[in-house]
2 protein chains.
Amino acid sequence: MQFGERIKELRESKELLQRQLAASLEIDTPMFSKIERGERRAKREQVLLLAELLEADVHDLLAVWLADQVYELVKDEEDANEALQMVINTVKKQQ
Amino acid sequence: MQFGERIKELRESKELLQRQLAASLEIDTPMFSKIERGERRAKREQVLLLAELLEADVHDLLAVWLADQVYELVKDEEDANEALQMVINTVKKQQ
DNA sequence: TTAAATTAGCCAAATATTGACAAGTCACAA
DNA sequence: TTGTGACTTGTCAATATTTGGCTAATTTAA
């Protein structure tokens with residue numbers, strides 16, 4: 001939902017081609033295209049690399065990347081909000 | 001983390017045995033035991049059944065069940081909080 | 001100590017994810 | 001139009017993960 005768009009924006013603002021970033025990530029261009037369109041998910045390690053290559057804030061990218069995955073899990077659930085609040089409380093304490 | 005404990009409490013307060021609930025869910029007792037201890041995750045459908053069998057609030061159980069899964073995804077992430085906030089915002093709009 | 005209840009460990013079957021390839025579309029320059 | 005480069009689509013096999021169920025151990029309670 002958001003991660004791919006973010007990557008695409010950053011990539012275009014740096015005038016890089018998919019195949020260039022794909023090469024850096026050691027995947028093929030179709031795979032990179034899919035990541036940008038959210039059809040496939042990037043690996044955590046790839047997010048770190050992309051942050052570096054695109055000179056973007058790594059925490060920001062990681063947060064968006066994570067959010068995509070969480071969203072995928074809860075998007076069809078009526079009780080998503082309650083569940084998310086519970087997790088936030090748990091995560092707070094855990095720090 | 002929470003779902004299994006919740007089920008166990010409800011089960012014990014109704015003085016039911018694992019094997020009885022397991023039979024109702026059409027799984028074996030060891031599997032039910034694992035669900036209670038969080039070693040395996042229940043299917044959504046099983047949560048609905050459990051809510052009925054244990055006379056518990058189905059939304060409440062679903063929320064806890066979902067929360068477990070989300071937690072599993074974000075628990076080791078430094079940026080979990082930011083990600084969760086993003087998802088909450090997205091989910092709010094989606095309604 | 002026994003018998004029932006619960007847990008641990010293991011394995012095979014089913015499912016999902018992954019990476020790669022070939023072929024397709026699209027925009028545009030020659 | 002034809003050709004070229006950038007990107008997308010679809011498919012497939014390889015790999016990983018999840019699932020269900022079995023056996024055997026351990027715990028609990030009488």
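## The surface near DNA strand D

In this predicted model, the residues of the surface near DNA strand D fall into eight charged, five nonpolar and two polar. Of these 15 residues, the ones that come nearest are Gln18(A), Ser33(A), Lys34(A), Arg37(A) and Met31(B). Among the atoms of DNA strand D within 4 Å of the protein, 50% belong to sugar or phosphate, and the rest belong to bases.

Arg37(A) has an N or O atom in its side chain 2.5 Å from a phosphate oxygen of DNA strand D. Two or more residues of this surface are given by each of helix H2 (18-25) of chain A, helix H3 (29-36) of chain A and helix H3 (29-36) of chain B.

## The surface near DNA strand C

DNA strand C is surrounded by 15 residues, and the closest are Leu17(B), Gln18(B), Ser33(B), Lys34(B) and Arg37(B). By class, the surface near DNA strand C has nine charged, four nonpolar and two polar residues. Of the atoms of DNA strand C within 4 Å of the protein, 51% are part of sugar or phosphate, with the rest in bases.

Which side chain has an N or O atom 3.4 Å from a base nitrogen of DNA strand C? That side chain belongs to Lys34(A).

## Helices H1 and H3 of chain A

The axes of helix H1 (residues 3-13) of chain A and H3(A) cross at roughly 115° and come within 7 Å. On the H1(A) side, the residues that meet H3(A) are Phe3(A), Gly4(A), Glu5(A), Ile7(A), Lys8(A) and Arg11(A); their partners in H3(A) are Phe32(A), Ile35(A) and Glu36(A). The contact of H1(A) with H3(A) has four nonpolar, four charged and one polar residue.

## How the two chains are related

Chain A is superposed on chain B by a rotation of 180° with 0.0 Å of shift along its axis, and the RMSD is 0.0 Å. This is the relation of a two-fold axis. The copies meet through the same surface, because 100% of the interface residues of chain A are also interface residues in chain B.

Key
Residues are numbered from 1 along each chain as its sequence is written. Chains are lettered from A and ligands numbered from 1 in the order in which they are written. This is a predicted model: local features need pLDDT of at least 70, side-chain atom pairs count only at pLDDT 80 or more; totals for chains, interfaces and linings use all residues. Side-chain values use heavy atoms; hydrogens and water are left out. Copies are superposed by least squares on the C-alpha atoms of residues with pLDDT of at least 70 in both. Contact means heavy atoms within 4.5 Å. A residue is near a molecule or strand if one of its heavy atoms lies within 4 Å of it. A polar contact is a pair of N or O atoms within 3.5 Å; within protein, one must be able to donate a hydrogen and the other to accept it, and residues adjacent in sequence count only if both atoms are side-chain atoms. Helices (H or I, at least four residues) and strands (E, at least two) are DSSP runs, numbered from the N terminus. Ala, Val, Leu, Ile, Met, Phe, Trp, Tyr, Cys and Pro count as nonpolar, Asp, Glu, Lys and Arg as charged, and the others, Gly among them, as polar. Axes are lines fitted to C-alpha atoms, for helices over the stretch in contact, and angles run from 0 to 180 degrees between N-to-C directions.
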